[in-house]
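The following paragraphs lead the reader through one structure, from the overall fold to individual side chains. Please keep the sequence and the model in view while reading.

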Amino acid sequence: MHLDIIGRGPPLVLIHGWAMHGGVFAPLLDRLGAHFECHVVDLPGHGLSEERDGLALDATVERLLALLPPAIWLGWSLGGLFALEAAARAPERVRGLVSMAASPRFVVAGDWPHAVAPSVFEQFAADLAQDYGATIDRFLALEVHGDAGARQEIRWLRQRLAERPPCDPRILVDGLALLADTDHRAELPRLALPSLWIGGQRDRLVPWQALQLAADQAADGQFLRIDRAGHAPFLSHADEVAAALVRWAGQIPGRAVDQSR
(Lines give C-alpha, C1' and ligand atoms only; values in the text may rest on other atoms or scores of the structure.)
Protein backbone atom coordinates (compact mmCIF):
# COMPACT_ATOMS: atom_id res chain seq x y z
CA MET A 1 0.00 0.00 0.00
CA HIS A 2 1.46 3.35 -1.05
CA LEU A 3 2.02 5.91 1.70
CA ASP A 4 3.47 9.43 1.57
CA ILE A 5 4.74 11.02 4.81
CA ILE A 6 4.83 14.82 4.84
CA GLY A 7 5.49 17.36 7.60
CA ARG A 8 6.33 17.14 11.29
CA GLY A 9 4.31 16.93 14.46
CA PRO A 10 1.69 14.50 15.81
CA PRO A 11 0.72 11.85 13.22
CA LEU A 12 -2.32 12.53 11.05
CA VAL A 13 -3.64 9.93 8.59
CA LEU A 14 -5.49 11.14 5.47
CA ILE A 15 -7.64 8.76 3.38
CA HIS A 16 -9.06 9.91 0.05
CA GLY A 17 -12.44 9.35 -1.55
CA TRP A 18 -13.88 7.26 -4.39
CA ALA A 19 -11.79 7.08 -7.58
CA MET A 20 -9.21 9.48 -6.15
CA HIS A 21 -5.74 9.07 -4.60
CA GLY A 22 -3.77 10.76 -1.83
CA GLY A 23 -2.46 13.46 -4.13
CA VAL A 24 -5.80 15.26 -4.03
CA PHE A 25 -4.98 16.43 -0.49
CA ALA A 26 -2.11 18.65 -1.71
CA PRO A 27 -3.78 22.00 -0.84
CA LEU A 28 -4.48 20.78 2.69
CA LEU A 29 -1.01 19.30 3.13
CA ASP A 30 0.55 22.64 2.22
CA ARG A 31 -1.17 24.07 5.29
CA LEU A 32 -0.92 21.12 7.70
CA GLY A 33 2.70 20.10 7.20
CA ALA A 34 3.89 22.55 9.84
CA HIS A 35 1.52 21.07 12.44
CA PHE A 36 1.29 17.33 11.70
CA GLU A 37 3.28 14.44 10.35
CA CYS A 38 0.80 13.61 7.59
CA HIS A 39 0.52 9.97 6.50
CA VAL A 40 -1.27 10.12 3.14
CA VAL A 41 -2.70 6.79 1.96
CA ASP A 42 -3.53 5.47 -1.49
CA LEU A 43 -6.28 2.90 -0.91
CA PRO A 44 -5.84 -0.54 -2.54
CA GLY A 45 -6.15 -0.32 -6.31
CA HIS A 46 -5.98 3.48 -6.24
CA GLY A 47 -3.05 5.64 -7.26
CA LEU A 48 0.22 3.84 -6.53
CA SER A 49 -1.21 1.11 -4.28
CA GLU A 50 -1.46 -2.43 -5.57
CA GLU A 51 -4.73 -4.31 -5.55
CA ARG A 52 -4.68 -7.68 -3.82
CA ASP A 53 -8.20 -8.84 -3.09
CA GLY A 54 -10.40 -5.94 -4.07
CA LEU A 55 -11.45 -3.10 -1.80
CA ALA A 56 -12.79 -4.88 1.30
CA LEU A 57 -13.48 -2.74 4.37
CA ASP A 58 -12.25 -5.18 7.04
CA ALA A 59 -9.10 -6.32 5.25
CA THR A 60 -8.11 -2.80 4.24
CA VAL A 61 -8.55 -1.44 7.76
CA GLU A 62 -6.45 -4.28 9.16
CA ARG A 63 -3.67 -3.47 6.69
CA LEU A 64 -3.83 0.22 7.54
CA LEU A 65 -3.74 -0.37 11.29
CA ALA A 66 -0.67 -2.57 10.85
CA LEU A 67 1.04 0.00 8.63
CA LEU A 68 0.31 3.26 10.44
CA PRO A 69 1.35 4.70 13.82
CA PRO A 70 -1.22 5.73 16.44
CA ALA A 71 -2.69 8.89 14.94
CA ILE A 72 -5.66 11.10 14.26
CA TRP A 73 -7.44 9.69 11.21
CA LEU A 74 -9.10 11.92 8.59
CA GLY A 75 -11.33 10.31 6.00
CA TRP A 76 -12.89 12.18 3.10
CA SER A 77 -16.06 10.77 1.49
CA LEU A 78 -15.47 7.03 0.93
CA GLY A 79 -12.30 7.34 3.02
CA GLY A 80 -14.47 8.22 5.99
CA LEU A 81 -15.84 4.66 6.08
CA PHE A 82 -12.33 3.28 6.58
CA ALA A 83 -11.46 5.90 9.20
CA LEU A 84 -14.67 5.27 11.16
CA GLU A 85 -14.23 1.51 10.99
CA ALA A 86 -10.67 1.86 12.34
CA ALA A 87 -11.85 4.17 15.13
CA ALA A 88 -14.55 1.71 16.19
CA ARG A 89 -12.24 -1.29 15.96
CA ALA A 90 -9.03 0.10 17.47
CA PRO A 91 -9.60 3.27 19.52
CA GLU A 92 -6.18 2.74 21.14
CA ARG A 93 -4.66 3.32 17.66
CA VAL A 94 -7.00 6.07 16.45
CA ARG A 95 -6.55 9.10 18.68
CA GLY A 96 -9.19 11.21 16.99
CA LEU A 97 -11.53 10.94 14.01
CA VAL A 98 -12.22 13.56 11.34
CA SER A 99 -15.02 12.72 8.90
CA MET A 100 -15.01 15.20 6.02
CA ALA A 101 -18.06 14.96 3.75
CA ALA A 102 -18.28 11.39 5.05
CA SER A 103 -21.48 10.05 6.54
CA PRO A 104 -21.86 6.92 8.68
CA ARG A 105 -24.57 5.95 6.15
CA PHE A 106 -24.46 7.29 2.58
CA VAL A 107 -27.89 6.09 1.38
CA VAL A 108 -31.33 7.11 2.57
CA ALA A 109 -33.38 5.18 5.10
CA GLY A 110 -36.66 5.82 6.86
CA ASP A 111 -34.79 7.23 9.83
CA TRP A 112 -31.92 8.73 7.79
CA PRO A 113 -33.27 11.19 5.20
CA HIS A 114 -30.11 13.24 4.61
CA ALA A 115 -28.46 10.98 2.06
CA VAL A 116 -28.75 9.84 -1.55
CA ALA A 117 -30.91 7.16 -3.16
CA PRO A 118 -29.27 3.73 -3.69
CA SER A 119 -29.89 4.19 -7.41
CA VAL A 120 -27.18 6.88 -7.48
CA PHE A 121 -24.46 4.32 -6.79
CA GLU A 122 -26.13 1.71 -9.00
CA GLN A 123 -26.11 4.17 -11.89
CA PHE A 124 -22.43 5.01 -11.38
CA ALA A 125 -21.61 1.28 -11.45
CA ALA A 126 -23.59 0.80 -14.67
CA ASP A 127 -22.02 3.88 -16.28
CA LEU A 128 -18.49 2.69 -15.50
CA ALA A 129 -18.99 -0.30 -17.77
CA GLN A 130 -20.19 1.96 -20.60
CA ASP A 131 -17.84 4.95 -20.43
CA TYR A 132 -15.19 5.03 -17.71
CA GLY A 133 -13.85 8.51 -18.49
CA ALA A 134 -17.24 10.19 -18.72
CA THR A 135 -18.34 8.58 -15.44
CA ILE A 136 -15.29 9.86 -13.58
CA ASP A 137 -15.80 13.32 -15.07
CA ARG A 138 -19.42 13.30 -13.94
CA PHE A 139 -18.35 12.41 -10.43
CA LEU A 140 -15.71 15.16 -10.37
CA ALA A 141 -18.40 17.66 -11.41
CA LEU A 142 -20.58 16.54 -8.49
CA GLU A 143 -17.65 16.92 -6.09
CA VAL A 144 -17.08 20.58 -6.94
CA HIS A 145 -20.72 21.52 -7.58
CA GLY A 146 -21.61 24.77 -5.83
CA ASP A 147 -18.04 25.98 -5.39
CA ALA A 148 -17.25 29.44 -6.75
CA GLY A 149 -14.09 28.08 -8.38
CA ALA A 150 -15.65 24.85 -9.66
CA ARG A 151 -14.16 25.10 -13.17
CA GLN A 152 -10.63 25.57 -11.86
CA GLU A 153 -11.10 22.84 -9.26
CA ILE A 154 -12.31 20.23 -11.75
CA ARG A 155 -9.33 20.98 -14.02
CA TRP A 156 -7.02 20.63 -11.03
CA LEU A 157 -8.61 17.31 -10.02
CA ARG A 158 -8.24 15.96 -13.56
CA GLN A 159 -4.55 16.88 -13.51
CA ARG A 160 -4.00 15.20 -10.14
CA LEU A 161 -5.74 12.01 -11.25
CA ALA A 162 -3.60 11.87 -14.39
CA GLU A 163 -0.43 11.85 -12.27
CA ARG A 164 -1.06 8.29 -11.06
CA PRO A 165 -2.45 5.14 -12.71
CA PRO A 166 -6.24 5.01 -13.15
CA CYS A 167 -8.30 2.77 -10.91
CA ASP A 168 -9.45 -0.60 -12.13
CA PRO A 169 -13.24 -0.40 -12.68
CA ARG A 170 -13.64 -3.51 -10.48
CA ILE A 171 -12.12 -1.60 -7.55
CA LEU A 172 -14.45 1.32 -8.20
CA VAL A 173 -17.46 -1.00 -8.17
CA ASP A 174 -16.23 -2.36 -4.83
CA GLY A 175 -16.11 1.20 -3.51
CA LEU A 176 -19.62 1.93 -4.72
CA ALA A 177 -20.86 -1.20 -2.97
CA LEU A 178 -19.26 -0.04 0.29
CA LEU A 179 -20.94 3.35 -0.05
CA ALA A 180 -24.30 1.71 -0.73
CA ASP A 181 -24.17 -1.02 1.93
CA THR A 182 -22.20 0.29 4.93
CA ASP A 183 -24.07 1.60 7.97
CA HIS A 184 -21.89 2.72 10.89
CA ARG A 185 -24.56 4.62 12.83
CA ALA A 186 -24.69 2.08 15.66
CA GLU A 187 -21.00 2.68 16.32
CA LEU A 188 -21.35 6.40 16.97
CA PRO A 189 -22.44 6.37 20.66
CA ARG A 190 -19.67 3.86 21.42
CA LEU A 191 -16.81 5.82 19.87
CA ALA A 192 -14.16 6.11 22.58
CA LEU A 193 -12.43 9.15 21.08
CA PRO A 194 -13.09 12.73 19.98
CA SER A 195 -14.55 13.21 16.50
CA LEU A 196 -14.97 16.17 14.16
CA TRP A 197 -17.57 16.08 11.36
CA ILE A 198 -17.04 18.58 8.54
CA GLY A 199 -19.76 19.15 5.93
CA GLY A 200 -20.02 21.47 2.96
CA GLN A 201 -23.14 23.63 2.82
CA ARG A 202 -23.60 22.96 -0.91
CA ASP A 203 -22.60 19.29 -0.96
CA ARG A 204 -24.75 17.37 -3.47
CA LEU A 205 -23.45 13.93 -2.40
CA VAL A 206 -23.39 14.04 1.41
CA PRO A 207 -25.75 16.66 2.88
CA TRP A 208 -24.23 18.58 5.76
CA GLN A 209 -27.24 17.65 7.91
CA ALA A 210 -26.00 14.04 7.94
CA LEU A 211 -22.69 15.17 9.41
CA GLN A 212 -24.49 17.23 12.03
CA LEU A 213 -26.64 14.25 13.04
CA ALA A 214 -23.56 12.03 13.26
CA ALA A 215 -21.77 14.55 15.47
CA ASP A 216 -24.82 14.74 17.74
CA GLN A 217 -24.94 10.96 18.07
CA ALA A 218 -21.20 10.44 18.55
CA ALA A 219 -19.94 10.14 22.11
CA ASP A 220 -17.62 13.16 21.80
CA GLY A 221 -18.50 14.73 18.47
CA GLN A 222 -18.22 18.23 17.09
CA PHE A 223 -19.75 19.52 13.84
CA LEU A 224 -18.44 22.15 11.45
CA ARG A 225 -20.31 23.39 8.39
CA ILE A 226 -18.22 25.09 5.71
CA ASP A 227 -20.45 27.66 4.02
CA ARG A 228 -20.40 27.91 0.21
CA ALA A 229 -18.44 24.63 0.02
CA GLY A 230 -19.37 21.49 -1.89
CA HIS A 231 -18.18 17.92 -1.45
CA ALA A 232 -14.47 18.82 -1.31
CA PRO A 233 -14.14 21.68 1.20
CA PHE A 234 -10.41 21.03 1.56
CA LEU A 235 -10.08 22.30 -2.04
CA SER A 236 -12.39 25.30 -1.98
CA HIS A 237 -11.76 26.34 1.64
CA ALA A 238 -8.33 24.90 2.45
CA ASP A 239 -7.38 27.68 4.88
CA GLU A 240 -10.61 27.38 6.85
CA VAL A 241 -10.47 23.59 7.00
CA ALA A 242 -6.80 23.50 8.01
CA ALA A 243 -7.31 26.10 10.76
CA ALA A 244 -10.30 24.16 12.12
CA LEU A 245 -8.31 20.91 12.17
CA VAL A 246 -5.43 22.50 14.05
CA ARG A 247 -7.78 24.07 16.62
CA TRP A 248 -9.72 20.86 17.14
CA ALA A 249 -6.62 18.67 17.45
CA GLY A 250 -5.19 21.11 19.98
CA GLN A 251 -8.19 20.45 22.24
CA ILE A 252 -7.53 16.70 22.47
CA PRO A 253 -5.98 16.10 25.92
CA GLY A 254 -2.39 14.95 25.80
CA ARG A 255 -2.17 15.39 22.03
CA ALA A 256 -1.48 19.09 21.75
CA VAL A 257 -0.67 20.48 18.34
CA ASP A 258 1.62 23.49 17.93
CA GLN A 259 -0.78 26.19 16.71
CA SER A 260 1.88 28.90 16.48
CA ARG A 261 3.46 27.65 13.21
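Of the 261 residues of the chain, what percentage count as buried? The share is 54%, where buried means under 20% relative accessible area, exposed over 50%, and partly exposed in between (1.4 Å probe, protein chains only). This is a predicted model, in which local features need pLDDT of at least 70 and side-chain atom pairs count only at pLDDT 80 or more, while totals for chains, interfaces and linings use all residues. Residues are numbered from 1 along each chain as its sequence is written, and side-chain values use heavy atoms, with hydrogens and water left out.

The overall fold comes first. The chain has 10 helices and 7 strands; helices (H or I, at least four residues) and strands (E, at least two) are DSSP runs numbered from the N terminus. Along the principal axes, the C-alpha atoms fill a box of roughly 50 × 40 × 40 Å. Among contacts in the chain with a separation of 6 or more, 75% are between residues 24 or more positions apart, contact meaning heavy atoms within 4.5 Å.

The interior can be considered next. In soluble globular proteins, nonpolar side chains tend to be buried together. Here the largest nonpolar core holds 86 residues, of which Trp-18, Leu-28 and Trp-73 touch the most other members. Helix H3 (residues 78–89) contributes the largest share of this core, 7 residues. Such a core is a set of buried Ala, Val, Leu, Ile, Met, Phe, Trp, Tyr and Cys residues joined through side-chain atoms within 4.5 Å. Leaving out residues up to four places away in sequence, the contacts of Leu-28 include Leu-14, Leu-74, Met-100, Phe-234 and Leu-245.

A pair of aromatic rings is described by the distance of the centres and the angle of the planes. Rings of Phe, Tyr and Trp (its six-membered ring) pair if their centres lie within 6.5 Å; planes under 30 degrees apart count as stacked, over 60 as edge-to-face and the rest as tilted. The count by this rule is 7 aromatic pairs. One of them joins Trp-76 and Phe-234 edge-to-face, at 4.8 Å centre to centre and with 80° between the planes. Because Trp-76 lies in strand E4 (residues 71–76) and Phe-234 in helix H9 (residues 233–236), this pair ties together parts that are 158 residues apart in sequence. Trp-76 is buried, at 0% relative accessible area, and Phe-234 is likewise buried at 0%.

The pair of Trp-208 and Phe-223 is stacked, because the ring centres are 6.1 Å apart and the planes meet at 25°. Trp-208 belongs to helix H8 (residues 208–217) and Phe-223 to strand E7 (residues 221–226), so the pair ties together parts 15 residues apart in sequence. Phe-223 is partly exposed, at 25% relative accessibility. The charged end of Arg-225 sits over the ring of Trp-208, 4.9 Å from its centre; this term requires NZ of Lys or CZ of Arg within 6 Å of the ring centre and within 35 degrees of the ring normal.

Another such charge is that of Arg-138, whose charged end sits over the ring of Phe-124 at 4.3 Å from its centre. Phe-124 forms one aromatic cluster with Trp-18 and Phe-139. Arg-138 is also in contact with Asp-127, a residue of helix H4 (residues 118–130).

Two backbone positions deserve attention. Most residues other than glycine have a negative phi, and most peptide bonds are trans. Ala-19 has a positive phi, near 70°, and lies in the loop between strand E2 (11–15) and helix H1 (26–32). Ala-19 is buried at 7% relative accessibility. Ala-101 also has a positive phi, of about 50°; Ala-101 is in the loop between E5 and H4 and is buried at 1%.
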